Amino acid sequence: MNMAVDFSALQAAAPPSASEAGPASKRTVAGFGFWIYLLSDIVMFSALFATYAVLAHATAGGPGGSHLIRQGGVALETACLLASSYTCGLMSMAAHSRRRGAFYLCAIVTFALGAVFLGLELHEFDDMIARGATPQSSAFLSAFFTLVGCHGLHVAAGLVWLAVMVAQVALRGFRGAVDRRLLCFSLFWHALDIVWVAVFTFVYLMGVRA
């Protein structure tokens, strides 16, 4: 009986290693690259949170968070943004199943909720400035407007991005490149919700308590 093992045949039948199989799919590469961007964004927000924590009580004798924050408006802002995260998830599911009608509906609702959130935030800023609480009034207000305003700028950029994605779906359909961009947008929008939960907790809830 010939017990010799044909190692060349075994090597040919074995699945290729990760290095031999070639590069990952474009969807995987795009998702990985966008996660790196999100982590860099979180580092930036962490620095802004640290700055706010240091300057939270530096009011220069002026009003603090407990005098300026209107809980009703902030609660409505939070509800709108969290609801938009839910509809964004439904939008991603609709895109995955290639249901254009459901995708457009969820995208419109997501955009509307994000726009309401942004409008309420701008109204809050306008109300604070009308009462003399400007970014130049104290270190606390400078840190507050920088942190909350930076998040608002991200939401505004997300709304523009969502409008562009809806236009691309309408013109090109659910192609591979469009699917990858929708994946990145979904990650971006959910990350904004996570950051807002931190803002709501540390800036608004703790600010009212203080």
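This short talk covers a pocket, a set of aromatic pairs and one alanine in the structure shown above.

Good morning. The structure is a predicted model, in which local features need pLDDT of at least 70, side-chain atom pairs count only at pLDDT 80 or more, and totals for chains, interfaces and linings use all residues. Residues are numbered from 1 along each chain as its sequence is written, and side-chain values use heavy atoms, with hydrogens and water left out.

I begin with the pocket. On a 1 Å grid over the protein atoms alone, a pocket is an open set of points where a 1.4 Å probe fits, with protein on both sides within 12 Å along at least five of seven lines. Its volume is the space filled by probe spheres set on the points, which are joined across faces, edges and corners. The largest pocket here has a volume of about 340 Å³. It is lined by 16 residues, and the closest to its centre are Tyr52, Ala56, His57, Phe202 and Gly207. A lining residue has an atom within 4 Å of a point.

Which helix gives the most to this lining? The answer is α7, with five residues. Helices are DSSP runs (H or I, at least four residues), numbered from the N terminus. At least two lining residues come from each of α2 (26-55), α3 (65-68) and α7 (176-209). By class, the lining has ten nonpolar, six polar and no charged residues. Here Ala, Val, Leu, Ile, Met, Phe, Trp, Tyr, Cys and Pro count as nonpolar, Asp, Glu, Lys and Arg as charged, and the others, Gly among them, as polar.

I turn to the aromatic rings. Rings of Phe, Tyr and Trp (its six-membered ring) pair if their centres lie within 6.5 Å; planes under 30 degrees apart are stacked, over 60 edge-to-face, and the rest tilted. The whole structure holds 16 aromatic pairs. One of them, Phe140 with Phe144, is tilted, at 6.2 Å centre to centre and 40° between the planes. These two residues lie four apart in helix α6 (residues 139-172), about one turn of the helix.

Phe144 also pairs edge-to-face with Tyr204, at 6.0 Å centre to centre and 80° between the planes. Because Phe144 lies in helix α6 and Tyr204 in helix α7, this pair ties together parts 60 residues apart in sequence. Both Phe144 and Tyr204 are buried (under 20% relative accessible area, with a 1.4 Å probe and protein chains only).

Finally, Ala191 lies in helix α7. Ala191 is buried, with a relative accessible area of 18%. Its C-alpha atom is separated by 9.5 Å from that of Ser85, 106 residues apart along the chain. Thank you.

Note on methods
Buried means under 20% relative accessible area, exposed over 50%, partly exposed in between (1.4 Å probe, protein chains only).
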